[in-house]
Amino acid sequence: MQSAISISLSSPSTIPRSSAACPRSLRFCGLRKEAFCPDASPGATSLRLTTLNSRSQHSNLNAVFAALKGNGAPSSNAFDYDLVIIGAGVGGHGAALHAVEKGLKTAIIEGDVVGGTCVNRGCVPSKALLAVSGRMRELQNEQHMKSFGLQVGAAGYDRQKVADHANNLASKIRGNLTNSMKALGVDILTGFGTILGPQKLKFGKGDSGDKIITAKDIIVATGSVPLVPKGIEVDGKTVITSDHALKLEFVPQWIAIVGSGYIGLEFSDVYTALGSEVTFVEALDQIMPGFDPEIGKLAQRVLVNPRKIDSYTGVFASKITPAKDGKPVQIELIDAKTKEPKETLEVDAALIATGRAPFTKGLGLENINVQTQRGFVPVDERMRVIDANGKLVPHLYCIGDANGKMMLAHAASAQGISVVEQVTGNDHVLNHLSIPAACFTHPEISMVGLTEPQAREKAEKEGFEVSIAKTSFKANTKALAENEGEGMAKLIYRPDNGEILGVHIFGLHAADLIHEASNAIAMGTRIQDIKFAVHAHPTLSEVLDELFKSAKVKLSASKTVAEPVPV
Amino acid sequence: MSHSHLLHTSFVPTAPPSLRRRIGGGSHLPRKPHLIQSKIREIFMPALSSTMTEGKIVSWVKSEGDKLAKGESVVVVESDKADMDVESFYDGYLAAIIVDEGLSAAVGSTIALLAETEEEIALAQSKKSSSPASPSAAGSNDAPVVLEEMPSPVPASAPVVASVSSNAGAVGSAVHPASEGGKRVVASPYAKKLAKDLGVDLKGIVGSGPNGRVVAKDVEAALAAVNVGGGAATTAAEVAKPSGVELGSVVPFTTMQSAVSRNMVESLAVPTFRVGYTFTTDALDALYKKIKSKGVTMTALLAKATALALVQHPVVNSSCRDGKSFTYNSHINVAVAVAIDGGLITPVLQDADKIDIYSLSRKWKELVDKARAKQLQPQEYNLGTFTLSNLGMFGVDRFDAILPPGTGAIMAVGASEPTLVGTKDGRIGLKTQMQVNVTADHRVIYGADLAAFLQTLAKIIEDPKDLTL
């Protein structure tokens, strides 16, 4: 949700203001630049530059945008709004902010709470819990403390206060999100949105109070809910989904986590730090599928093997019964291939982290002849909705988890911004390979682009060579100062032209480090150019610096990276 | 170091991929000499980079006896560049680990043995003890180090672990409801991990967790029963030793037992002699009673007293390394022998003279826990300069210890027992006394040195106020 206002300028003094309205050295992310340049008057430019100096003034910044643009009248009188977004999650919010900036009269419909899954039941509260687990881990690790010369007594925690921290964080971010939209004048309409026909929809609680509105363009951004496979009975107490787990109502002695992807892995980090023992139940042949195999292996060695975790792989949980009448939670496992019963687990709690299902029911898609696929709304690469006949539905877009392209909050937001660009006359296709992803375990895992097997497959098909470069956190001064030398960064690239195909990081603050790589991919920066960029010493970012420098590209730098500024 | 080593090893590093592909795609297949029924392969330290000359074993992903599938990670090696997983190029069993975690080996030297079948594990282990790894085998052109495929007669009857008859009835009410009448063991993830690390069989352990589940403390309790039980072991202890002695069989040494054996033979090259002494321990016992509640142990008190005496007699803390000189150690590191499952290890209390008795006791507890969990780091058992061996808790009144090579002296401590003593004023009294017997290397430590040292130690033990300073 911050993405819409995070224009990054280093410092006003280094920017030649007198040059063209859109100097090359002003490197906004691809979208921003276009959004900014066409109508940037010199006054507006300097105003922004001064405001942007302070990161803490987001609300001021919003006020500036509002004053400049405001949520004006619709451009055509035929419609109530230029743009209506169904769903005020991170995707809808990102789209709304960008729409206002582009001068569209915008409304957003929310049937639950502003912020959606990410803010209320996902990334945000889980980061609060992970912040706690990270500190617990550090305090419990006597060797680690001793190696610093620190002496710490036994660390303990108050479950309710930990839970409160997560809840408070969610409320705070929700408040920020709501205020940012209100300040811009986005109309927040309460109720469930239903599409009635082309460019027409209603919203409300489903009773006679429903209101009908028209919009030139409509974005569906209704998100997802935890996926609960058949046979699993969720009672919200002993058999739970992430929605319940984030409330941290109790810390079981032994919890089975069904699914060992991002969600499962993050919760295993939280639960083991708080003293639980964890059993992973994974349908695939190894835990942590989906990560680059080499990173997955290292992560397993650090995040799973030394902790109080065991796992069952290649099995489905065919039936899970909550604890009742003094009996523990029962999990029946069957072989994932042969479907034969294998074993019954008895645990204190089970967390279902098998993925997320799109939330698209009641959207009225049948009114415009759109058929969902496993619940997902089919879209093309521009997020335009495709109907049952394979034709594009005009003026209807779907972003975020509901289209299933990439189920990440920031991906939804980027898709929303891309759609707004298109409806305001700038054709735009989002490069999903430039969208980073992160898993906030201790240490963190992050990635962007292709994994090594994916890259090799692509290379074989398209006939190019793939090379790998790797660096270790062991060689990084800052990581060693923190006594956190465990970790590696891996670069997958084309040695012939220096294109970055993928970057994977496991180590301290990996989630923050990935953006240098994802920005490079987004902007098409090649290794031979980026390796001349300077990194402050000593910082963790030098892990990537070294990574780029260790790559062997057959071309030399294509151009000077920026116009030289004498000092 | 050339990459050709890679071709000679049965193990392939996960990276760099270019190398791996070359190997994987190559026609390097195990040359199969026909008629050979079984094979034991040597696993070499691979060259993970062009500049690598030696590698450190970060961790063994697999343990001895584990089954390996081709492509599975076996060991993590730290090269001069990074940590890398090394994968097995063959199916089989990891029979014997030759280079332990934390130690380094030259590229090309043998770090472990791989057996093709389960039966050959024992054979491989005996082979290992007979041919210790030569860390200097780094030469790049010692050609015969290719996959040594040794024809080996499969032992007619490999020691088979008798499967424990799970006595469901005996476990009674503690049977987990899901355990199907005792057939299945329900244990928490950590309990399972711990049981594996400590070599404890989960069957037969009575669980104290919810619904009779076996939890970590049950495993620890079972292990403690083994250690305390000694001869009159409990049933749990019997069960906990899967490699129970089968009469009439020949069981090869474990890694640790081989190491002990080597050291013992080596000790014969040292001219040792012994000096005994009797201490009166009433004051020490009184002090112990007073501070026992603060976690102080008798072992720590004895180590501390010894260390303080050694401060005044540096020669007793010295050693003879080359037969030509004294090596006066700058630290007083008291090693204390501890019997652990199937072996003996000597965790070291470093700088025992400088550390206060409370910290020393805590340190000791930590070391013992680690020793039981087999997690001692080499520096935690290698750096002793003087050794204590105490059999007093078994009622032994005096014994004789063998001097560990590389050190100057070892003190055997007997039980502290009430003894009738005639005093100088012609009366008879009851005193608690303890006999010690020091074995020392006479090349550096002479009789008078030991006598003086023991006299100092007697003074400290009989007036132990300095121990708590």
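This is a predicted model: local features need pLDDT of at least 70, side-chain atom pairs count only at pLDDT 80 or more; totals for chains, interfaces and linings use all residues.
Helix 6 of chain A and helix 8 of chain A cross in a right-handed sense. Two packed helices are described by the angle between their axes and the distance between the axes. For this pair, helix 6 spans residues 123-140 and helix 8 spans residues 159-184 of chain A, and the axes come within 8 Å while crossing at roughly 145°. On the side of helix 6 of chain A, the contact is formed by A:Val124, A:Pro125, A:Ala128, A:Leu129 and A:Val132. Helix 8 of chain A contributes A:Val162, A:His165, A:Ala166, A:Leu169, A:Ala170 and A:Ile173. Sorted by class, the residues of this contact comprise ten nonpolar, one polar and no charged.

Chain A also holds several backbone features in its loops. The peptide bond that leads from A:His442 to A:Pro443 is cis, with omega near 0°. A:Pro443 sits in the loop that joins strand 19 (437-439) to strand 20 (444-449) of chain A. Another cis peptide bond runs from A:His537 to A:Pro538, where omega is near -5°. The loop that holds A:Pro538 lies between helix 17 (527-530) and helix 18 (542-550) of chain A. A further feature concerns phi: A:Asn369, a residue other than glycine, has a positive value near 60°. A:Asn369 belongs to the loop between strand 16 (356-358) and strand 17 (384-386) of chain A.

In chain B, helix 10 packs against helix 13 and also against helix 11. Helix 10 (residues 298-312) of chain B meets helix 13 (residues 447-462) of chain B at an angle of about 135°, with the axes 9 Å apart. Because of this angle, helix 10 of chain B is oblique to helix 13 of chain B. The crossing of these two helices is right-handed. From helix 10 of chain B, the contact draws on B:Leu302, B:Ala305, B:Thr306, B:Leu308, B:Ala309, B:Leu310 and B:Gln312. Their partners in helix 13 of chain B are B:Phe453, B:Thr456, B:Leu457, B:Ile460 and B:Ile461. This contact of helix 10 with helix 13 of chain B contains nine nonpolar, three polar and no charged residues.

Helix 11 (residues 357-372) of chain B crosses helix 10 of chain B at roughly 125°, and the two axes come within 9 Å. The angle therefore makes helix 10 of chain B oblique to helix 11 of chain B. This crossing, too, is right-handed. Here B:Thr299, B:Ala300, B:Leu301 and B:Lys304 of helix 10 of chain B meet B:Ile357, B:Leu360, B:Ser361 and B:Trp364 of helix 11 of chain B. The classes in this contact of helix 10 with helix 11 of chain B are five nonpolar, two polar and one charged.

The two chains also meet each other. Chain B brings 28 residues to their contact and chain A brings 32 residues. About 2200 Å² is buried between chain B and chain A, and carbon and sulfur atoms account for 46% of that area. Of the area that chain B buries against chain A, 25% comes from B:Pro189, B:Lys193 and B:Arg213, more than from any other three residues. Three salt bridges are found across the interface of chain B and chain A. In a salt bridge between the chains, the side chain of A:Asp310 meets that of B:Lys192, at 2.9 Å from N to O.

Note on methods
Residues are numbered from 1 along each chain as its sequence is written. Chains are lettered from A and ligands numbered from 1 in the order in which they are written. Side-chain values use heavy atoms; hydrogens and water are left out. Axes are lines fitted to C-alpha atoms, for helices over the stretch in contact, and angles run from 0 to 180 degrees between N-to-C directions. Helices (H or I, at least four residues) and strands (E, at least two) are DSSP runs, numbered from the N terminus. Angles under 35 degrees count as roughly parallel, over 145 as roughly antiparallel, 65 to 115 as roughly perpendicular and the rest as oblique. A crossing is left-handed if the near helix is turned anticlockwise from the far one by less than a right angle, and right-handed if clockwise. Contact means heavy atoms within 4.5 Å. Ala, Val, Leu, Ile, Met, Phe, Trp, Tyr, Cys and Pro count as nonpolar, Asp, Glu, Lys and Arg as charged, and the others, Gly among them, as polar. Buried area is the accessible area (1.4 Å probe) that two parts lose on being put together, summed over both. A salt bridge is a side-chain nitrogen of Lys or Arg within 4 Å of a carboxyl oxygen of Asp or Glu.
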